[in-house]
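Visitor: I'd like to learn how to read a few features in a model like this one. Could you walk me through some?

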Amino acid sequence: MARLPNNPLVSELFAAVHGKKTKVDKVKLLKEHIRDDVKALFIWNFDKGISSALPPGEVPYKPNEAPANSGGHTRLVHEWRTLYNYVRGGNDRLPQMKRETMFVQLLESLHAGEADLLMLVKDKELQKKYRITRQVVEEAYPDIVWRDQ
């Protein structure tokens, strides 16, 4: 597998972890990339105490076709702090229509790979595309505080 860039897109990192054959290799790779955006996505996906404030299923949006690292898209590493708007208890005052509009705008601004990944996380379906388990995440990031424990 090709070496990851210095600051990979989350989708590039998850694809690299997915490509590792052993749990030890997956944990090692995640430990090399300790980032808050990655942790936030894992928490949203794996923590049963956190639920999406968005309707389940596909979201109609126009994917951003800009190539990776071209500057024609935003990145989750910069946008992850806004994810609280899309989970229950994060920003409950936000009107649902506004929340859904903001989510579509976020998806359309992200690189297509990261938008796809965020769609999976929204429905807690990351494992449909990536072979990454909560057990691997817990070992790689022991500092994560899970609500469902």
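Visitor: Let's start with helix packing. At roughly what angle do the axes of helix H1 and helix H6 cross?

Guide: Keep in mind that this is a predicted model. The axes of H1 (residues 10-19) and H6 (residues 112-122) cross at roughly 70° and come within 8 Å. Angles from 65 to 115 degrees count as roughly perpendicular, so that's the label for H1 and H6.

Visitor: Which residues of H1 and H6 make the contact?

Guide: On the H1 side you'll find Val 10, Ser 11 and Phe 14, and on the H6 side Gly 113, Glu 114 and Leu 117. Sorted by class, this contact has three nonpolar, two polar and one charged residues.

Visitor: Now salt bridges. How many does the model have?

Guide: Here's the general idea: side chains of opposite charge can pair when their charged atoms come close. In this structure the count comes to seven salt bridges. Take Glu 139 and Lys 23, whose closest N and O atoms are 3.1 Å apart.

Visitor: Which parts does the pair of Glu 139 and Lys 23 tie together?

Guide: Glu 139 sits in helix H7 (residues 134-140) and Lys 23 in helix H2 (residues 23-32), so the pair links parts 116 residues apart in sequence.

Visitor: And pockets? Which residues line the second largest pocket?

Guide: With a pocket, look at the space and then at the lining. The second largest pocket holds about 220 Å³ of space. Its lining includes Ala 40, Trp 44, Trp 80, Tyr 84, Arg 88 and Arg 147, along with Gly 89 and Gly 90. By class, the lining divides into eight nonpolar, two polar and two charged residues.

Visitor: One last thing, a single residue. What does Val 104 touch?

Guide: Val 104 lies in helix H5 (residues 96-109). Leaving out residues up to four places away in sequence, Val 104 touches Val 59, Pro 60 and Tyr 61.

Methods
Residues are numbered from 1 along each chain as its sequence is written. This is a predicted model: local features need pLDDT of at least 70, side-chain atom pairs count only at pLDDT 80 or more; totals for chains, interfaces and linings use all residues. Side-chain values use heavy atoms; hydrogens and water are left out. Axes are lines fitted to C-alpha atoms, for helices over the stretch in contact, and angles run from 0 to 180 degrees between N-to-C directions. Helices (H or I, at least four residues) and strands (E, at least two) are DSSP runs, numbered from the N terminus. Angles under 35 degrees count as roughly parallel, over 145 as roughly antiparallel, 65 to 115 as roughly perpendicular and the rest as oblique. Contact means heavy atoms within 4.5 Å. Ala, Val, Leu, Ile, Met, Phe, Trp, Tyr, Cys and Pro count as nonpolar, Asp, Glu, Lys and Arg as charged, and the others, Gly among them, as polar. On a 1 Å grid over the protein atoms alone, a cavity is a set of points where a 1.4 Å probe fits but cannot get out, and a pocket is an open set with protein on both sides within 12 Å along at least five of seven lines; lining residues have an atom within 4 Å of a point. Grid points are joined across faces, edges and corners, and a volume is the space filled by probe spheres set on the points. A salt bridge is a side-chain nitrogen of Lys or Arg within 4 Å of a carboxyl oxygen of Asp or Glu.
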